[in-house]
Amino acid sequence: MNLSLRSRVRAGDPDAFAQLFDDHASMVYRHAVRLTGSRGMADDIVSLTYLEAWRLRERVLPGDDSLLPWILAIATNVTRNTTRAARRHRAALHRIPPPAPIPDFADEVTRRLADAEELAAARRVLSTLRRGEREVLTLCVWEGLNAATAAEILGVAVSTVRARLSRARKRLRELTDAELARGRGGKGEACASRADRDSGSAPDGRQRAAAAGQIRNSRQPAARSTQEQK
């Protein structure tokens, strides 16, 4: 008799947990990155999620359904706890004197600049949303899960997921419009500034010609005055 994956996980079968990892670890990682904005923290969350899954394995219900909702529910709770712990850690660090300066690893920063900027931008946008809105956004939009599955993962009603998702999308549209407006304004100011610098420091051909003419003309009266004196 072939046991289902759920039954094997519940029984603590190492091969079943290896399959569970192969099937869903990448999605758990992406989910954690989008919630935290940190690849390093996401790696930790994946490890903690599967450790927690092993501890809670006996709570897996029998059946043949996918274990994705179960493992993502654990990942969401682990992310919440990890984020709270990180906030407490940062608060504790603010209460102690700053450490000695750390050398600037320019090469490493250059290699990772694009990823860092992308994650920072995503983090800035997501940080303006409420936690529940961030969670449904990552599950329903980025992971492509339906509202019912997201509701199962988060332990809330389907109507709550839909309401949160609607608010999150509206807020993101507003933020996108504001960001585009700031971008256009910055470009306009930069162009105006360049134009001012060009007009003030680099005279055009007519200005140079006029200046040259003034210099040449200014020599003629001086020459005539010298001849008249003779």
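**Reading the labels in a predicted model**

At 38% relative accessibility, Trp-54 counts as partly exposed. The model is predicted.

Q: Why is Trp-54 called partly exposed?
A: Its relative accessibility is 38%. Buried means under 20% and exposed means over 50%. The value falls in between, so Trp-54 is partly exposed.

Q: What makes Phe-17 and Trp-54 an aromatic pair, and why is the pair called edge-to-face?
A: The ring centres are 5.0 Å apart. The limit for a pair is 6.5 Å. The planes stand at 65°, and over 60 degrees counts as edge-to-face. So both labels hold.

Q: Why does the pair of Phe-17 and Trp-54 tie together parts apart in sequence?
A: Phe-17 lies in helix H2 (residues 14–36) and Trp-54 in helix H3 (residues 39–55), so the parts joined are 37 residues apart in sequence.

Q: How do you know whether Phe-17 is buried or exposed?
A: Phe-17 has a relative accessible area of 10%. Buried means under 20%. Therefore Phe-17 is buried.

Q: What makes Arg-57 count as lying over the face of Trp-54?
A: Arg-57 is at 4.1 Å from the ring centre. The distance cut-off is 6 Å, with a further limit of 35 degrees from the ring normal. Arg-57 is listed as lying over the face.

Q: Why is the contact of Arg-55 and Glu-52 called a salt bridge?
A: The N to O distance is 2.5 Å. The cut-off is 4 Å. So the contact qualifies. The two residues are three apart in helix H3, about one helical turn.

Q: How do you know whether Arg-55 is buried or exposed?
A: Arg-55 has a relative accessible area of 55%. Exposed means over 50%, so Arg-55 is exposed.

Q: What makes Arg-80 and Glu-135 a salt bridge, and which helices does the pair join?
A: The N to O distance is 2.8 Å, and the cut-off is 4 Å. Arg-80 lies in helix H4 and Glu-135 in helix H6 (residues 131–142), so the bridge ties together parts 55 residues apart in sequence. Both residues are buried.

Q: Why does the contact of Glu-135 and Arg-131 count as a salt bridge?
A: The N to O distance is 3.8 Å. That is within 4 Å, so it counts. Glu-135 is buried at 2%, whereas Arg-131 is partly exposed at 42%.

Methods:
Residues numbered from 1 in each chain as written. Predicted model: local features only at pLDDT ≥ 70, side-chain atom pairs only at ≥ 80, totals over all residues. Heavy atoms only, no water. Phe/Tyr/Trp six-rings, centres within 6.5 Å; stacked < 30°, edge-to-face > 60°. Helix = DSSP H or I, 4+ residues; strand = E, 2+ residues; numbered from the N terminus. Buried < 20%, exposed > 50% of the residue type's maximum accessible area, 1.4 Å probe, protein only. Salt bridge = Lys/Arg side-chain N within 4 Å of Asp/Glu carboxyl O.
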